[in-house]
Structures are given as structure tokens and as C-alpha cells.
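Please read this briefing alongside the sequence and the 3D view.

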Amino acid sequence: MKTDTLQKFMFEHAGVRGELVELEQSWQQMQSHRSYPKAVQTLLGELMAAAALLSANLKFNGTMIMQIHGDGPVKLMVVECDANLRLRATAKLADDAVIEDNESLKDLVHAHGQGRFVITLDPNDKMPGQQAYQGIVPLDGDDIATVIENYMLRSEQLDTKLWLAANDKVTRGMLLQKLPKIGGSESKVEDEAEAWNHAVMLGDTLKKDEMLEHSAETLMHRLFWEKTLRVFEPLHPEFHCSCTREKVGDMLKMLGAAEIESAIAEAGRIDINCDFCGQHYGFDPVDCAQLFVTNTLAEGTVAPAEIKH
């Protein structure tokens with residue numbers, strides 16, 4: 001039974017759309033192989049909910065990658081979400097990081113004012129010469145929601161409001177966006193502004209404790225029971241890691257034969273664990289040698305495990 005849900009809705013007779021997401025199963029799966037300090041756990045959970053909310057509105061077959069590069073105890077937070085709302089996330093901490101429960105986004109990733117927020121849109125089927133789109137901005141905001149709101153306003157010229165909350169069990173979020181005025185619409189600018197401001201005012205009544213305690217369905221009813229909403233078929237995000245042995249091998253090949261030979265000489269083998277799902281990949285000297293054999297020869301070679309005695 002799927003517990004993770006993303007619910008889209010629109011306000012009738014008002015240029016406002018919304019989404020509510022709750023991630024429980026996928027969030028706990030993502031944490032099953034990594035233990036993060038509470039403050040990092042909260043930020044990564046909120047970033048994961050935000051990625052699901054923004055990805056649900058993308059009109060392309062590909063992956064959205066959100067990254068926060070930090071200059072404090074947290075060096076990197078990454079969330080990936082594809083067109084099917086399959087998510088994975090990870091965080092990298094400084095080796096000497098000591099993180100208290102109540103530390104803020106600024107404390108963790110923007111301690112010296114050098115934090116950056118990056119959104120990458122990476123299409124699956126790129127045209128020849130096509131590159132992934134990437135937007136990089138300074139970390140402008142005291143929390144995850146404000147950082148993304150400021151990015152959307154500057155980069156997309158789109159009024160966006162986010163409410164996010166996360167703990168070790170669940171992460172939930174709500175998004176509201178003011179829709180662009182459609183040509184020929186009879187609604188007045190003043191009416192549209194009033195509808196948007198009123199929707200945001202209702203959203204601002206949300207408290208983090210309330211978001212963590214109640215389901216998305218309950219939150220929607222509590223907030224908008226007086227409004228006429230058009231509610232769409234719910235979507236179901238899920239945890240999914242796209243790592244494979246082949247991809248890890250490609251990464252090793254990028255290091256070059258000399259680097260790989262040096263690592264093998266030092267340790268006897270190369271062991272890599274996926275940062276996102278914890279999957280282990282081991283490469284012994286024969287495996288590494290095969291990485292640099294032409295595809296034709298590699299495909300005709302018996303797997304090392306089958307020729308060992």
C-alpha cells in the first residue's frame with residue numbers, strides 16, 4: 001500500500017494552483033542506510049518535499065536535481081526527482097562536523113556567506129549538443145522554503161509560496177503558485193491579486209507541528225474548506241535509486257587507468273558504496289582491468305566470478 005501522495009488542486013475562479021505532498025515510506029527508505037543529525041535530517045527532508053512539489057509541474061521527460069553547496073558543517077545536500085516522481089537524496093558533512101539539534105540553515109551551509117543553491121534540469125533524451133539546464137544562485141533565505149521561493153521569483157518570474165516540515169518519520173509540504181494571466185481573461189488584476197494574497201494568508205496559518213501531525217488530506221480540508229477547489233487524481237512519489245554497476249564502472253573509467261592502478265596497488269581492490277541507497281559495488285584487479293578493455297572484448301569475457309578457483 002502506497003503511503004506517499006502528491007495531491008494537485010486549483011482554486012476555481014482564481015488564478016492559483018496548489019499541491020500538497022507527504023512522503024513517509026520513501027523518506028524512511030532514504031534514511032534506512034544513513035543516520036543524519038536531527039538538524040540535517042530536517043533540512044534534507046524539507047528539500048526532498050520541495051523537489052517533489054516542483055517536479056510535479058515540469059513538462060519534460062527527465063530529472064530535476066536540487067543541490068545546496070555549503071561552506072559550513074554541511075558541504076552538500078542533493079535531492080533528485082524524475083518525471084515519475086521517483087526520488088533519492090543524500091547529504092555530505094564535513095569530517096569534523098559537530099551539529100546541534102537547533103542549528104539553522106545559515107549555521108549549517110551558509111556560515112561564511114558562500115552557500116549556493118543549484119537547480120539542474122537534465123532531459124533523458126538530449127538532442128545532439130544539448131546540455132542540461134542549470135541555474136545557480138546565492139543562498140538567499142533563512143530556510144529551504146524561502147530559498148526556493150526567491151529562486152522561482154528571480155529565475156522563473158513566478159510567484160511561489162512553500163510550507164515545509166520534516167522529522168524522522170515523515171516530510172510534508174505545500175506549494176501555492178500564482179498562475180500567469182491568460183489572454184482574454186475577464187478577471188481584473190486587483191481580483192487576481194486579492195485571490196492570491198488570500199490563498200497565501202490561509203497557507204501562512206500552517207504551523208510545522210500541525211504539518212507533521214496531520215495528513216495532507218486533513219491539512220487541505222482545514223485550510224480551504226470554504227473554497228471551491230478542483231482536485232486532481234493523486235500521484236504517488238516513491239524512493240528509487242538509479243545507481244548501477246555499469247554507472248559506477250563508467251565513473252571509475254573517468255578517473256583514468258593510472259589512477260585506478262594506483263588504487264588497486266594500494267588496497268588490492270576498490271570498494272564503493274552508493275551515497276543515495278548504500279548499495280555496495282566491489283571491483284577487484286580483474287574487474288578494473290576489464291573497465292579499460294574495448295566493449296567488444298569486454299562483452300566476450302567471462303565474468304571474473306565465474307573463472308575464479
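In this predicted model, five strands form an open sheet, arranged in the order β8-β9-β2-β1-β10, and their pairing is antiparallel. The edges are taken by β8 (160-166) and β10 (229-231), each of which has a single partner strand, so one side of each is left without a neighbour in the sheet. On average, and with direction ignored, neighbouring strands of this sheet are turned by 15° against each other.

- Strand β1, which covers residues 5-11, is joined to β10 by three bridges, and the two strands run antiparallel.
- Within that pairing, Phe11 has Leu229 of β10 as its bridge partner.

**The β8 edge**
- Although β8 stands at an edge of the sheet, the strand is mostly covered, with six of its seven residues buried.
- Seven bridges connect β8 and β9, which pair in the antiparallel sense, and the hairpin that joins β8 to β9 passes through four residues.
- Trp163 has Met174 of β9 standing opposite.
- Helix α4, made up of residues 144-155, lies across both β8 and β9 (171-178), and the helix runs at about 155° to β8.

**Packing of α2 against α4**
- Helix α2 (residues 38-55) packs with α4 at an angle of about 35°, the axes of the two helices being 10 Å apart, and their crossing is right-handed.
- On the α2 side the contact is made by Leu43, Glu46, Leu47, Ala50 and Leu54, while α4 contributes Ile144, Ile148 and Met152.
- Sorted by class, the residues of this contact between α2 and α4 comprise seven that are nonpolar, none that is polar and one that is charged.

**The two faces of α7**
- Helix α7 spans residues 216-224, and its buried residues are Ala216, Leu219, Met220, Leu223 and Phe224.
- When α7 is viewed down its axis, these buried residues fall within an arc of 100°, so they line one face of the helix.
- An α-helix has 3.6 residues a turn, so residues three or four places apart point the same way.
- Glu217 and His221 are exposed, and they are carried by the face of α7 that is turned away from its buried side.

How values were computed. Residues numbered from 1 in each chain as written. Predicted model: local features only at pLDDT ≥ 70, side-chain atom pairs only at ≥ 80, totals over all residues. Heavy atoms only, no water. Buried < 20%, exposed > 50% of the residue type's maximum accessible area, 1.4 Å probe, protein only. Arc of directions from axis to C-beta. Pairing = 2+ DSSP bridges. Axes fitted to C-alpha atoms, helices over the stretch in contact; angles between N-to-C directions. Contact = heavy atoms within 4.5 Å. Left-handed = near helix turned anticlockwise from the far one by under 90°. Nonpolar A, V, L, I, M, F, W, Y, C, P; charged D, E, K, R; others polar.
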